[in-house]
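Here is a short note for a colleague who is starting to read structures. Please keep the picture open while going through the points.

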There are 2 protein chains.
Amino acid sequence: MRDFSRDHSALALNTATLGHNVDGFGAGWSAEQVIDGCAARGYGGVVFWRREIGANAAAIGQWARSAGLKIAGLCRSPFLVGPLSPRGREAVLDEFRSSIDMAAALTAPVLTIVVGGVEPGTKGMSESLKIVADRVSVACEYAARAGVKLALEPLNPVYGGDRSCLVTVRDAVDLCDTIGADNLGIAVDVYHVWWDTDLPAQLSRAGARRIYGFHLCDWLADTKDVLLDRGMMGDGVADIRGIRKTVENSGYDGVCEVEIFSKDNWWKRDPNEVLDVLVERFRSVC
Amino acid sequence: MRDFSRDHSALALNTATLGHNVDGFGAGWSAEQVIDGCAARGYGGVVFWRREIGANAAAIGQWARSAGLKIAGLCRSPFLVGPLSPRGREAVLDEFRSSIDMAAALTAPVLTIVVGGVEPGTKGMSESLKIVADRVSVACEYAARAGVKLALEPLNPVYGGDRSCLVTVRDAVDLCDTIGADNLGIAVDVYHVWWDTDLPAQLSRAGARRIYGFHLCDWLADTKDVLLDRGMMGDGVADIRGIRKTVENSGYDGVCEVEIFSKDNWWKRDPNEVLDVLVERFRSVC
C-alpha cells in the first residue's frame with residue numbers, strides 16, 4: 001500500500017486539464033514541457049489526447065520514460081456511433097485502428113473509448129449499443145495484437161444523445177461481458193458516475209481485472225456548462241474520497257488521472273499553478 | 001384497453017408546456033382558458049403548478065370537473081434538501097404541508113415531489129437521501145389524512161447537484177421501500193429516465209401500486225439547455241413508445257402527462273398550436 005501522505009505518485013495528469021479547446025496546451029506548452037512539469041512535481045503519470053501527439057508518439061513516449069513519468073493512457077477512440085461519429089463502419093474502424101497504433105507507439109497501455117451517442121434514425125440506447133459491441137469487438141482483436149488494452153468509459157447520462165449511449169458502469173460491465181475480450185475493461189470518471197448509488201455493486205462486478213482507469217474532477221452543484229465547467233476536486237458535491245475507496249477496494253491499483261474541462265476557470269490559469277493545485281487537492285481532498 | 005387510435009383521453013397537459021418562465025401561461029391564458037382548451041380537444045387531464053393556483057384551488061378544481069377534465073396532479077413539493085430548498089426542516093415541512101393542502105383543495109390525487117440537490121456541507125447522495133427520507137415520511141402521514149398521494153420523481157442525473165439527489169427510478173423505489181407508506185409512489189418522466197437500461201426491471205419492482213405518474217417529452221440529441229430545451233415527442237432520441245409500453249406493462253393505467261420546458265421554441269408559440277401539436281404527436285409518436 002502506498003503511503004499517500006508522503007508521495008503522490010498515484011497522481012496523473014490528463015492534459016485536457018491544462019486547456020483543451022485551443023491549439024496546444026495552456027500558455028503554449030509543448031508535450032515535452034507538460035511531461036517535465038509533471039515529473040518535476042512528482043506526478044506518477046500523464047495521459048495525452050491524440051491531437052496533441054500527431055506523428056510524434058514514439059518520441060513523446062521516450063521523453064516521458066526518460067523523465068521517469070508513466071504514459072498512463074491515451075485519449076481516445078473516435079466516437080463509434082451517433083451523430084458525431086465518422087460516417088460508416090469502415091471509417092470508424094480505420095480511425096479506431098489508428099488510435100490503437102498511436103497508443104502502442106506511445107507505449108500507452110490503455111486507449112479510452114468514448115462510444116458516441118444515439119445512432120441517427122434510431123431511438124433509445126439499445127440499437128446503438130449493439131453497433132458499439134460489434135465495433136469494439138473488432139477493435140479488441142486488433143488491440144490485443146498491438147498489446148493495448150481498451151477502456152470503455154461510460155459518460156454522464158447528460159451526454160446520452162450525442163456523445164455516449166453508454167451512460168452507466170453497469171452497462172459498461174455488461175458490454176465487457178458480452179464481448180468477452182481479455183483486453184477490454186472500463187474507465188471510471190468521477191464526473192460521470194458520482195451520482196450513481198449502484199456504483200459499489202457494479203465496480204465489485206467489474207473487479208480489478210476490468211478497471212483500467214480512474215479519473216478525478218468534481219461536479220459543481222451550480223455547473224454552468226456540462227461540457228466545459230467541471231470542478232476542481234473539493235469544489236463540488238461529489239464524494240471523491242468515497243468513490244476512490246470504492247474503486248481501490250475493487251482491486252484497482254493504477255493512477256488517479258485528473259481530467260478537468262474548465263474553459264472559464266482552470267484553463268485560463270498558468271499551467272504551473274494548475275499543476276501545483278492538483279497536487280495540493282489530491283493530497284487534501286482525494 | 002383504451003382504443004388509442006380513436007381517442008386521446010389518456011393525454012394530459014402539464015401546464016409548464018405552455019410557457020412557464022413568465023407570469024401566467026403563454027399568451028396570457030388563465031387557468032380556466034387552459035382547462036377549456038384541453039377539454040375542447042378531448043384531453044383527459046391537466047396538471048397545474050402551485051404558482052398558477054394561488055388561493056383559487058377549489059374554484060379551479062370545480063371548473064375542471066365541470067369541463068369534464070381530470071385534475072391529474074399538482075406540481076410540486078418544495079425542494080426538500082439542497083442549495084435551493086427552504087432553509088431548515090420546519091420551513092420545508094410547512095411548505096410541503098401547504099402543497100398537500102393545495103392538492104387536496106384542487107382535488108388533485110397526486111402531488112409530485114422533486115427532492116432537491118445535495119445538502120450543503122455534504123458530499124454525494126447518501127446524506128441528502130437520508131434527510132429526504134425523514135421529510136417525506138412526515139409528509140406521507142399528513143398527505144394520507146388529506147387523501148393525497150405523493151409521487152417521488154427521480155430527475156436526470158444532470159440535476160443531481162442542485163435539484164435532485166434522487167436520480168434513478170431504482171433509488172426512488174428504494175426510497176418507497178424504506179418509507180413504506182401506502183400513499184407514496186413514483187413519477188416516471190421520459191426526460192429523466194430515457195437513458196436508463198435498468199428501467200424495465202425497476203418499473204417491474206415498482207408495479208402498478210407505486211407508479212403514480214408518467215410524463216412525456218423528448219430528449220433532443222443536441223440539447224442546448226438541460227433545463228429549458230426539452231423536445232416535443234418525436235423530435236429527439238428517446239424511445240418514447242418503448243418506455244410507455246414498459247410503464248403500462250408494469251400496470252400503470254393513468255394519463256400520459258406532457259411536460260415540455262422549451263423557452264426558445266414551444267413556449268414562443270400560440271397555446272392553441274401547442275395543444276394541437278400535442279394531440280397529433282401523442283397519436284403518431286407515443
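The numbered points below take up confidence, the barrels, the core, some local features and the contact between the chains.

1. Confidence. This is a predicted model, and its scores should be read before its details. The ipTM is 0.95 and the pTM is 0.96. For chain A the average pLDDT is 95, and 95% of the residues reach at least 70.

2. The barrel of chain A. Eight strands of chain A close into a barrel, in the order 1-2-3-4-5-6-7-8, and their pairing is parallel. From one strand to the next, the twist averages 30°. Strands of a sheet pair through backbone hydrogen bonds, and the pairing may be parallel or antiparallel.

3. Strand 1 (residues 11–14) of chain A pairs with strand 8 of chain A in the parallel sense, over three bridges. One of the partners to look for is A:Cys256 in strand 8 of chain A, which is the bridge partner of A:Leu11. A:Cys256 is also the bridge partner of A:Phe214.

4. Strand 7 of chain A. Is this strand buried or exposed? Six of the six residues of strand 7 (residues 211–216) of chain A are buried, so the strand is largely enclosed by the rest of the structure. Strand 6 (residues 184–189) of chain A runs parallel to strand 7 of chain A and is joined to it by four bridges. Across this pairing, A:Ile186 stands opposite A:Ile211.

5. The nonpolar core. The largest nonpolar core has 206 residues, and the members that touch the most others are A:Val46, A:Ile186, B:Val46 and B:Ile186. Beyond its neighbours within four places in sequence, A:Ile186 is in contact with residues including A:Ala151, A:Leu152, A:Val169, A:Val173 and A:Ala206. A:Arg210, A:Ile211 and A:Tyr212 are also among the contacts of A:Ile186.

6. The barrel of chain B. Chain B has a closed barrel of eight strands, running 1-2-3-4-5-6-7-8 with parallel pairing. Its neighbouring strands are turned against each other by 30° on average, with direction ignored. Strand 1 (residues 11–14) of chain B and strand 8 (residues 256–258) of chain B run parallel and are joined by three bridges. Within that pairing, B:Leu13 has B:Val258 as its bridge partner.

7. Cis peptide bonds. Which peptide bond of chain A is cis, with omega about -10°? The bond that joins A:Cys75 and A:Arg76 is cis. A:Arg76 sits in the loop between strand 3 (70–75) and helix 4 (89–106) of chain A. In chain B, the peptide bond from B:Cys75 to B:Arg76 is cis, with omega near -10°. B:Arg76 is placed in the loop between strand 3 (70–75) and helix 4 (89–106) of chain B.

8. Positive phi. A:Thr107 has a phi near 60°, which is a positive value in a residue other than glycine. A:Thr107 belongs to the loop between helix 4 and strand 4 (110–113) of chain A. A:Thr107 counts as partly exposed because it has 18 C-beta neighbours inside 10 Å. In chain B, phi of B:Thr107 is near 60°, and B:Thr107 lies in the loop between helix 4 and strand 4 (110–113) of chain B. With 18 other C-beta atoms within 10 Å, B:Thr107 is partly exposed.

9. Helix 4 of chain A lies across strand 3 and strand 4 of chain A, at about 170° to strand 3 of chain A. In helix 10 (residues 271–285) of chain A, look at A:Leu275. A:Leu275 counts as buried because it has 20 C-beta neighbours inside 10 Å. Its contacts beyond four places in sequence are A:Gly37, A:Cys38 and A:Arg41. A:Leu275 and A:Ala12 are 263 residues apart along the chain, but their C-alpha atoms are separated by 10 Å.

10. Between the chains. How many residues of chain B are in contact with chain A? There are 29, and they meet 29 residues of chain A. The chain B side of this contact is made up of 14 nonpolar, eight polar and seven charged residues.

Key
Residues numbered from 1 in each chain as written. Chains lettered and ligands numbered in written order. Predicted model: local features only at pLDDT ≥ 70, side-chain atom pairs only at ≥ 80, totals over all residues. Contact = placed C-beta atoms within 7 Å. Nonpolar A, V, L, I, M, F, W, Y, C, P; charged D, E, K, R; others polar. pLDDT = per-residue confidence, 0-100. Core = buried A, V, L, I, M, F, W, Y, C linked by C-beta atoms within 7 Å. Buried ≥ 20, exposed ≤ 12 C-beta atoms within 10 Å, placed from the backbone. Pairing = 2+ DSSP bridges. Helix = DSSP H or I, 4+ residues; strand = E, 2+ residues; numbered from the N terminus. Axes fitted to C-alpha atoms, helices over the stretch in contact; angles between N-to-C directions.
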